[in-house]
Every structure is written in structure tokens, then in C-alpha cells.
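I opened this notebook to record what I looked up in one structure. My entries follow the order in which I searched.

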Amino acid sequence: MAMAANTLSFSPISLPSSQSPKTKSNQACQSLPSSSIYGCKLSIVLSNSSRFVPKYRCSTRATVTSSLPSAMKREGVTSEKIPKWSARSIRSFAMAELEARKLKYPNTGTESLLMGILVEGTSTAAKFLRANGITLFKVREETVNLLGRSDLYIFSAEHPPLTEPAQRVLDWAINEKMKSGDSGEITTAYLLLGIWSEKESAGQQILATLGFNDEKAKEVAKSMNEDVNLSFK
């Protein structure tokens, strides 16, 4: 039995005056005509793409900065006087959270902060690490050797909470920046040196295993700010 070919075509349908919207709209309404196959009209609304605005539009800076809390109370210091994180530091932190999730760790630790710096990759701190043979691959490998692999059936939160050592790293970076008297932003060099300052933490141990030491920390400090007087623990 031969089957008749059906051709579907788009044609505009005018709305009755009683159904016309009271306000002007940039949308065009088109539909498929009724047929014995579909039995009803299928309307398609086409919006003006040039006027489309994403509903959830927010900057990476605003999103991640809210995830960098400070556990320390600073008496007499207003939020305006607390230094801001640089764009690279913010991206590094976002990448740190992602690395923790990839490894299915429940928290973002100092080891994740270190990996985040290397994943971001464009900062002076990241370039210094790579120049000294400390790569993302090696840090990941040492992280698994030190902390082990997580259960395959465990899923990390979207923003794994910071461990206490990782939180102290962020507070250290803020404090050192404020002590320097410099009005600039908190760079990834502060994050790296904050990790190194947190003795016995996973990130510090991994750095030491891969050849990072106090002399290299001083080199990083020089590239960050010549006049910073760093207080390692």
C-alpha cells in the first residue's frame, strides 16, 4: 500500500483581537498547521535573540569571592580596607574546588589549593613552580600517595568546604598583604607562600617532597613584593 507523503510547512497564524497581548512584544509566533498525523497545531515561539539576557548572570569574581571566607575577626578594620583577591587568585581557588571534586575529596585542602594554582597556570607563582619541576601531574600523584583515593561512590559537594589548614592559608595571605602596606590585590604568590607557611599540611608536605624549600619561598616573595616581611610558622 502506497503511503501519501506529508509535507510540513511553517505558516504564521494571526491571533484574534481578543487574544492580542496588551503590551508590545518582540516575539514571533509560528505554528504547524493541523494534519491527520498530528491532529493539533504545534506552536513555536521565536524570541528576539538580540534582546536575550541570561537570567543568572554573575561574574566569577563575585561568585568565588563569597566562597573565600575569613575565619579571623579584625577589630577596627572595615571591609573596604581588607585587600581584594586578584582575578588569578580567584580562578586558582575555583580550580582548587574543582580538583577536590575530581578526586572526590569531601573538603578543599591545601593540596587542592596548590593544584588550583597550577591548573590556572598563568600566574607568576604557577610559572615559578613549573620552572622548578613542580607540575600539576606530580602534585596530583603526590596527593594520591599521601591522602589516598576516595571512594568511587562518594560525590563531593559543588563547593567542598575548606579544611582548617586551607582556611588558615587564606587568612595568612590576607594578613601578610595587610602587613605589607601595599594597596594592591592578593596574588597567587600569597596563596603559595600561605601553603608553605602551614607546616605539616598536605600541601606543604607535597611542596617539600618535590623540592620546594625556604630559599625558593624567598624567591617567590621577591617576585611578589620586594618589601614584604614574611612570617613563616
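Predicted model: local features only at pLDDT ≥ 70, side-chain atom pairs only at ≥ 80, totals over all residues.

**Entry 1: the nonpolar core.** I then asked which residues of the largest nonpolar core touch the most other members. The core has 41 residues, and the ones I noted are Leu-129, Leu-192, Leu-207 and Phe-212. At least two residues of this core come from each of several helices, including helix 2 (87-102), helix 3 (110-120) and helix 9 (214-224). Helix 7 gives the most, with seven residues.

**Entry 2: helix 8.** I listed the buried residues of helix 8 as Ala-202, Gly-203, Gln-204, Ile-206 and Leu-207. Against which helices do the buried residues of helix 8 pack? I recorded helix 3, helix 4, helix 5 and helix 7. Just after helix 8, I noted that Gly-211 has a positive phi of about 100°.

Entry 3: I turned next to charged side chains. Side chains of opposite charge can pair when their charged atoms come close. I counted seven salt bridges in the structure. In one of them, the side chains of Glu-120 and Arg-91 meet at 3.2 Å, N to O. Because Glu-120 belongs to helix 3 and Arg-91 to helix 2, this pair ties together parts that are 29 residues apart in sequence.

Entry 4: I looked up Glu-99 and Lys-102, whose side chains form a salt bridge at 3.4 Å, N to O. Both residues lie in helix 2, three residues apart, which is about one turn of the helix. Glu-99 is buried at 1% relative accessibility, whereas Lys-102 is exposed at 53%. I also found that Glu-99 and Lys-102 are linked with Arg-140 in a network of salt bridges.

In helix 6, I found Lys-179 and Glu-176, again three residues apart, about one turn of the helix. Their side chains meet in a salt bridge at 3.3 Å, N to O. Lys-179 is exposed, with a relative accessible area of 53%. Glu-176 has a value of 3% and is therefore buried, the cut-off being under 20%.

Notes: Residues numbered from 1 in each chain as written. Heavy atoms only, no water. Core = buried A, V, L, I, M, F, W, Y, C linked by side-chain atoms within 4.5 Å. Buried < 20%, exposed > 50% of the residue type's maximum accessible area, 1.4 Å probe, protein only. Helix = DSSP H or I, 4+ residues; strand = E, 2+ residues; numbered from the N terminus. Contact = heavy atoms within 4.5 Å. Salt bridge = Lys/Arg side-chain N within 4 Å of Asp/Glu carboxyl O.
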